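Colleague: I'd like to learn how to read a pair of packed helices. Could you walk me through one?

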Amino acid sequence: MSKQLQDVETLFCHEIGDDYQVVVTRDGERLFRAKLGLSETSAGPRPSKFRIKRGSSEEPRQPDEFVELARRAERIRISEQTSPAGRRELQEMFDGYQLEAKVVRTCRYCASAGRYSPITSETAIKDDRDWICTDCARRELERQLSYVGGVTGAAKDRLEELMLEVQDLQRIVNLLKGRLDPDLTKFDTISATVDEVDPVRVDALDLHPDLQGLLEDRFETLLPVQSLAAENGLFEGAERSSAEDASGRSPRDGPRDQLVVSATATGKTLVGELAGIDRVLKGEGKMLFLVPLVALANQKHEDFADEYGHLVDVSIRVGASRIADSGSRFDPNADVIVGTYEGIDHALRTGKDMGDIATVVIDEVHTLKEEERGHRLDGLISRLKYTCERRAKRRDDYDGAQWIYLSATVGNPEELARALEATLIEFEERPVPIERHVTFADDREKVRIENKLVKREFDTKSSKGYRGQTIVFTNSRRRCHEIARRLEYDAAPYHAGLDYKRRKTVERKFGDQELAAVVTTAALAAGVDFPASQVIFDTLAMGIEWLSVQEFHQMLGRAGRPDYHDEGKVYLLVEPDCSYHNSMERTEDEVAFTLLKGEMESVMTHYDEAAAVEETLANVTVGGRDAKRLNDRMLGKVPTKHAVGKLIEYDFIDGFEPTPLGRVVTEHFLDPGEAFALLDGIRTDAHPYDLVADIELRDDDL
């Protein structure tokens, strides 16, 4: 004991039942624990029993040894958790020996476990009505998370970070129970930004009189991004040169092609519409408006027919990866053709003549970076440019096509504009601020939280007099109906499976503020144009794929309109440790913080062997001997020599022509593996269902 009494740093007392626990430390390490009992004497409270704790046993010592120990201590501390009566008794006892003792805030769990752990207002974590240290708070949070189950990884890290920030364990536990504490759910705020752009007056434009009149009835001035496009040559003509560069392109004078990069709901789509409709009405050629998804093409076709159907003929050309199209709705002679990338590419691969094309608008051009569809868009652009240029070279009365590329989300706009040989029109305004929130909930809790958020938003009016309305994004049509049905305020599902009349009814009712919410699929995010103040992510998946940063930013950009709302709100409802398909490597909580913190990805196309073979075959089909030129002008680097070798090996081409097998492969957008799977099945008389299953299983293995 004598050695233990040397250089005692701290003697710490904490009330346990009718006695006091004594902890002796030196250099931050505990030397031993003891139990101290006091009794009242004529001189005041004095030690009556003193026992050193050895594991589960206690070793009795003389009470005077405690007094000697206290005299040798550099400091004496009493826990704040000791009762007021107990603190008074200890203070009186130490005063009787002329020893100074201070009451300190300590961790309740540590004190009960025989550890001296002083805490300050900066380090203490509130636990109900008491305070604990950060280490014990972390352990207690883990214990609470174990009750919930599945909260690990990024979700656990976020909750721990929040606990240390707000210094309140119970508030974090309440968050796990679905309570929407805005101080805890709030991740950040995207500030409003306004770029100063001098607006172009509509009456100053030199458009076709019919379009000019239609526009003047709707607007006095163009929106900023539209003004920038107009000032940078959107409506200017360009003379073709007779010279031709090495890739087969005809150089032009003037910055006519444009890459327009601007946030959702800033009016960039009208840039393409105005240029295309104007040239149609002036007799310069038809307009192609191309989108990645059939649902978007259907919606855009309806929009064009409504807006411009009295001025121009509008047709639609859609297709999927395996084209099954009767062509009954498609009129290649129409003034305006709205189509999917694959639908128009199929027309090129099958040799359909679409006549003079004056304007090509590529919406969602950031699709170029996608693994599945990027190379097909890259190839389509090359093939369509080639087709227009060949036509322009043969004809003096056709000036070729103007290309307008649209996107809300491009990480490398300058580089992409150079690659596309287009003038960059970039407008970075965010007209209202957006608050972004994250909360954790399992599948059963999500609709309850969504209901609370929708009600709270609809019950709030902006300074402009509009109720708050919500778009809920989810990953399936079935889930759309489920959520809409379970919300207490009026809500409606909205997806590509609804007929035209029903979708238009939903749009009208939302616009008239008769609906508190629409519930839509992530796949329709690009085409949904509701004036919502709040966006809720029911999932962070699009089908069986996680959202990309581009898709996420485009969807959250739907929250908040300057003419309606003071701010936008975005809520991510994240199910920890969840994925929606066994092919998903990450969990929803990991994805959430990747999306929130992620930089916009660069848009560029990359080729593996299958993609290179597919696009080279399509280029041979369309361009024959010019296939290498078409490959060379694509954004991604295509190993042409290797791809041609594979095409010959597979018997897909004969010279500069596709074989009958090659033609079937390219017209149906098959990759070589799928083609061979079909061939093997046909040769062995496999049932069609088995053929489909083989292809789908093969896709799952990729």
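Modeller: Helices (H or I, at least four residues) and strands (E, at least two) are DSSP runs, numbered from the N terminus. This is a predicted model, where local features need pLDDT of at least 70 and side-chain atom pairs count only at pLDDT 80 or more, while totals for chains, interfaces and linings use all residues. Residues are numbered from 1 along each chain as its sequence is written, and side-chain values use heavy atoms, with hydrogens and water left out.

Colleague: At what angle do the axes of α13 and α20 cross?

Modeller: Two packed helices are described by the angle between their axes and the distance between the axes. Axes are lines fitted to C-alpha atoms, for helices over the stretch in contact, with angles from 0 to 180 degrees between N-to-C directions. Here α13 (residues 374-394) and α20 (residues 609-623) have axes that come within 10 Å and cross at roughly 15°. So α13 is roughly parallel to α20 (angles under 35 degrees count as that). Their crossing is right-handed.

Colleague: Which residues of α13 and α20 make the contact?

Modeller: Contact means heavy atoms within 4.5 Å. Among them are Arg376, Arg383 and Tyr386 of α13, and Glu614, Glu615 and Val622 of α20.

Colleague: How many helices and strands are in the protein chain?

Modeller: The protein chain has 25 helices and 27 strands. Of its contacts with a separation of 6 or more, 69% are accounted for by residues 24 or more positions apart.

Colleague: And what is Leu572 in contact with?

Modeller: Beyond its neighbours within four places in sequence, Leu572 is in contact with residues including His437, Phe537 and Leu596.

Note on methods: Parallel < 35°, antiparallel > 145°, perpendicular 65-115°, else oblique. Left-handed = near helix turned anticlockwise from the far one by under 90°.
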